[in-house]
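This report describes a protein chain together with its ligand.

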Amino acid sequence: MTQTTSENPNIDVIVVGAGFAGMYALHKFRGLGLRTQVLESGNDVGGTWYWNRYPGARCDVPSVEYSYSFDKDLEQEWNWTEIMAAQPEILEYANHVADRFDLRDDIKFQTRVVSTVYDESSNRWAVTTDSGEEYTARFCVMATGCLSVPNTPSIDGQEEFAGPVYHTGNWPEGGVDFSNCVVGLIGTGSSGIQSIPVIAEQAKHLTVFQRTPNYTMPAANAPLKTDFLQQAKANYPSIRAEQRASQVGIVGYGFGFGGAENVEPTEEIRQTSQAERQRLVEEEGFLAIRRYADVALDEEANELACEMYREQVRRMIKDPATAEALMPRDYPMGCKRPVIDTDYYETFNRDNVTLVDLRQGGIEEITEAGVQTAQGHYAFDVLVYATGFDAMTGALGKIDIRGRDNTALTEYWEAGPRTYLGLQVVGFPNFFTVTGPGSPSVLSNMIVSIEQHIDWIAQCISDLDERGVQSIEATPAAEEEWIAHVNEVAQNTMFTAKSCNSWYLGANIPGKPRIFMPYVGGVGVYREKCDEVARNGYAGFELRA
Ligand code: N01
């Protein structure tokens with residue numbers, strides 16, 4: 001039954017998505033007295049952590065930092081059990097938050113938004129769902145996630161495969177039992193690297209199809225000690241303040257990246273002899289690379305670190321041909337999203353694991369019984385795609401979003417996403433993107449960036465209402481200037497190195513414009529800029545009474 005707009009004339013804000021962003025948005029907006037409706041396609045809350053239930057799924061940000069800061073009691077009452085939490089624990093946390101703040105009352109589940117259209121005369125957004133319901137609201141907040149549209153590559157014959165097919169980004173709720181299964185898995189990004197060791201332990205045999213070897217560092221995960229947790233809780237005010245002012249929203253309280261000891265890179269790899277580098281690899285393995293500051297800044301220094309990396313792969317893998325196949329070459333370390341793993345390389349020493357290096361001959365087609373490559377046919381009875389996402393713009397692109405003059409967002413973004421501060425788009429008044437392209441987003445601890453965006457949007461709506469302003473829209477000049485700034489700071493980083501292909505650039509999706517999407521300037525600097533804009537009466541936005 002179609003719900004007409006007249007049945008819900010008082011909604012202030014529609015929030016699309018009930019992941020960590022949508023959940024906090026609902027709580028925050030409600031607190032301001034704004035009537036808020038959240039629409040979510042899944043059966044429950046959790047977003048990323050709801051969909052990505054694949055074996056081995058785990059966060060790579062330490063738990064005490066990958067958690068909400070908005071409620072002091074919540075901080076104190078929740079007890080993380082590991083340095084970096086696994087997916088079930090994070091989903092449990094999301095459910096706890098939903099229960100604690102009665103969020104489900106205003107979330108409509110199993111409801112996919114298909115279009116959202118701005119009506120200039122009423123200054124409202126009309127949001128239509130897959131069941132034909134229509135809602136209208138003054139503001140539309142897209143909490144649709146940055147990695148929420150799984151990418152399944154188009155491969156000849158893929159419909160022919162006779163067995164079950166799974167995607168890591170859309171894993172069945174009940175899990176998958178791989179025991180006695182022969183499994184084929186395509187993709188060696190974070191999801192593949194996390195799931196491969198766990199699937200290999202369960203399955204009769206696992207064949208991994210790898211197109212590009214990745215750089216991955218070992219996670220030093222472990223149970224969290226009670227006294228550490230108590231100490232962290234006591235220090236939360238300063239941890240949170242530091243996170244907000246930091247580069248990536250992580251301060252390394254107790255632990256650095258991947259749960260390892262926090263090491264400040266201070267040395268120059270170019271000043272280190274080959275013999276010294278070799279000695280360090282022998283003593284410290286991959287972690288030896290963390291000491292060098294120039295690796296992130298200079299491609300030649302980076303290549304020296306890559307050599308150290310490859311040497312450690314050589315040392316870890318028994319079969320020299322497999323070792324060679326696992327060595328990343330031709331692109332710098334740090335160009336793609338860093339990966340951390342548990343027993344990834346060790347897995348390739350198992351008898352029941354085969355690595356197919358697609359650089360030696362790619363996939364030609366998927367057959368009824370497996371994968372045909374230029375190197376031969378590989379048979380299996382279950383196929384897993386660990387092939388990533390249409391990142392940052394994918395979820396917005398799937399919704400028919402139309403702003404002033406019926407302009408489609410996909411049209412406006414034809415040459416790549418354009419935003420002011422990653423928060424708003426010219427031509428789309430009262431429409432906000434949470435952790436959108438042009439903001440630190442995926443380069444940061446997402447919860448820190450989510451809270452910052454929601455707090456900013458909430459303050460903005462509240463300020464507009466106080467001043468009797470009906471609509472807010474980024475100006476073309478401000479948007480242009482912001483894009484230029486985003487591009488400028490991304491230059492001369494490993495992210496935009498010539499040889500780099502990453503989903504940050506949209507390079508994983510055929511036909512997607514190649515543009516570096518997130519803001520490299522850092523969450524602290526970015527927060528300052530957003531706050532300054534607000535302090536200056538929302539400079540760069542046009543406010544209409
Ligand atoms: O996806 P990816 P992901 N034939 O795009 C391969 C976050 N995350 O889901 O590199 C063969 O990184 C592709 O090969 P190539 C995190 O931000 C976080 O693993 O394009 N192979 C690549 O190997 C992460 O970065 C966590 O040559 C094909 C793989 O599939 C992001 O999600 C955990 C192919 C895709 O890798 C995405 O990670 C998991 C084809 N046709 C995810 N098409 C943590 O917090 C694609 N590939 C730890």
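The shell holds 23 residues, of which Thr-188, Ser-190, Ser-191, Arg-211 and Thr-212 come nearest to the ligand. By residue class, the shell divides into 9 nonpolar, 9 polar and 5 charged residues.

In the side chain of Arg-211, an N or O atom is 2.9 Å from a ligand oxygen. Arg-337 likewise has a side-chain N or O atom that is 3.2 Å from an oxygen atom of the ligand. At Gly-189, a polar backbone atom is 3.5 Å from a ligand oxygen. On its own, the ligand has 910 Å² of accessible area, and the protein covers 86% of this.

## Overall fold

The protein chain comprises 16 helices and 21 strands. Its radius of gyration is 24 Å, close to the 24 Å given by the globule rule for 545 residues, so the chain is as compact as a globular protein of that length. The C-alpha trace spans about 70 × 55 × 45 Å along its principal axes.

## Model confidence

The average pLDDT of the protein chain is 96, and 98% of the residues score at least 70. Over residues 1–6, by contrast, pLDDT stays under 50, and the model has 12 contacts beyond four places in sequence for these residues. Where pLDDT is low, predicted coordinates should not be read in detail.

Technical notes. Residues are numbered from 1 along each chain as its sequence is written. This is a predicted model: local features need pLDDT of at least 70, side-chain atom pairs count only at pLDDT 80 or more; totals for chains, interfaces and linings use all residues. Side-chain values use heavy atoms; hydrogens and water are left out. pLDDT is the predictor's confidence in each residue, from 0 to 100. Contact means heavy atoms within 4.5 Å. A residue is near a molecule or strand if one of its heavy atoms lies within 4 Å of it. A polar contact is a pair of N or O atoms within 3.5 Å; within protein, one must be able to donate a hydrogen and the other to accept it, and residues adjacent in sequence count only if both atoms are side-chain atoms. Accessible areas come from the Shrake-Rupley method with a 1.4 Å probe; for residues, only the protein chains shown count as cover. Ala, Val, Leu, Ile, Met, Phe, Trp, Tyr, Cys and Pro count as nonpolar, Asp, Glu, Lys and Arg as charged, and the others, Gly among them, as polar. Helices (H or I, at least four residues) and strands (E, at least two) are DSSP runs, numbered from the N terminus. The radius of gyration is taken over C-alpha atoms; the globule rule is 2.2 Å times the number of residues to the power 0.38.
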